[in-house]
Amino acid sequence: MKNKKNILLILGHPLSKSFNGALTNAYAQGARKKGFTVRKLELGKLKFDPILRHAYKKRMKIEPDLASAIKDIKWAKHIVFFYPYWWGSCPALLQGFFERVFTPGFAFKFTGNYTWKKLLKGRSARLVLTMDTPPVLDRVVWRSAGIRSIKFNILEFCGIKPVKITRIGPVKSSSEAKKQEWLKKIEKLGEGGE
């Protein structure tokens, strides 16, 4: 019997054949093994302009790939983002995706001064980040600034809660055995639909 939880995996790395891509596939394998319904978005394969050309003064035309992504987000009960932690944040491609998709009217709606409706309630998320820096440095020295921005200022702002974090690193200096260990860990998260 199929598990009823719909899971959307979003690969924010521009390359499918990357360690982030392998982590995405490992999660999908674990989730499907346990009967979850899984869809996958690979942002590097989508055709869309990641630049919000008119800021929020004028709406841009939604490209077909973004229209499909919006349907997938509406369908999902759990969303997992996989991306490298570049310059203490996410790749520009993922930031552009947030700016083009998580827009007023779809993700949130202002109701007055400093009040808004969270239109994506009923969903949870996880951020799976790879980094070349030891994760403890990000926590202690930089206080997870880039992670907090996505967790609080984007996802929870729109009603997606809870948002859990999985940090993987340092990747660049790690052995193949350590990478396999991380892939198994992510596959287990997929099995639990976490």
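User: Leaving aside neighbours within four places in sequence, which residues is Asp49 in contact with?

Analyst: This is a predicted model, where local features need pLDDT of at least 70, side-chain atom pairs count only at pLDDT 80 or more, and totals for chains, interfaces and linings use all residues. Residues are numbered from 1 along each chain as its sequence is written, and side-chain values use heavy atoms, with hydrogens and water left out. Asp49 is in contact with Met60, Glu63 and Arg100, its neighbours within four places in sequence aside. Contact means heavy atoms within 4.5 Å.

User: Where is Asp49 found?

Analyst: Asp49 sits in the loop between β2 and α2. Leu52 is in the loop between β2 (37–42) and α2 (64–75).

User: Why is Leu52 called buried?

Analyst: Buried means under 20% relative accessible area, with exposed over 50% and partly exposed in between (1.4 Å probe, protein chains only). Leu52 has a relative accessible area of 19%, so Leu52 is buried.

User: What does Leu52 touch, not counting residues up to four places away in sequence?

Analyst: Leu52 touches Met60, Glu99 and Arg100, with residues up to four places away in sequence not counted. Leu52 and Glu99 are 47 residues apart along the chain, yet their C-alpha atoms are separated by 6.5 Å.

User: Which residues lie nearest the centre of the largest pocket?

Analyst: Tyr85, Trp86, Thr130, Met131 and Asp132 do, out of 15 lining residues.

How values were computed: On a 1 Å grid over the protein atoms alone, a cavity is a set of points where a 1.4 Å probe fits but cannot get out, and a pocket is an open set with protein on both sides within 12 Å along at least five of seven lines; lining residues have an atom within 4 Å of a point. Helices (H or I, at least four residues) and strands (E, at least two) are DSSP runs, numbered from the N terminus.
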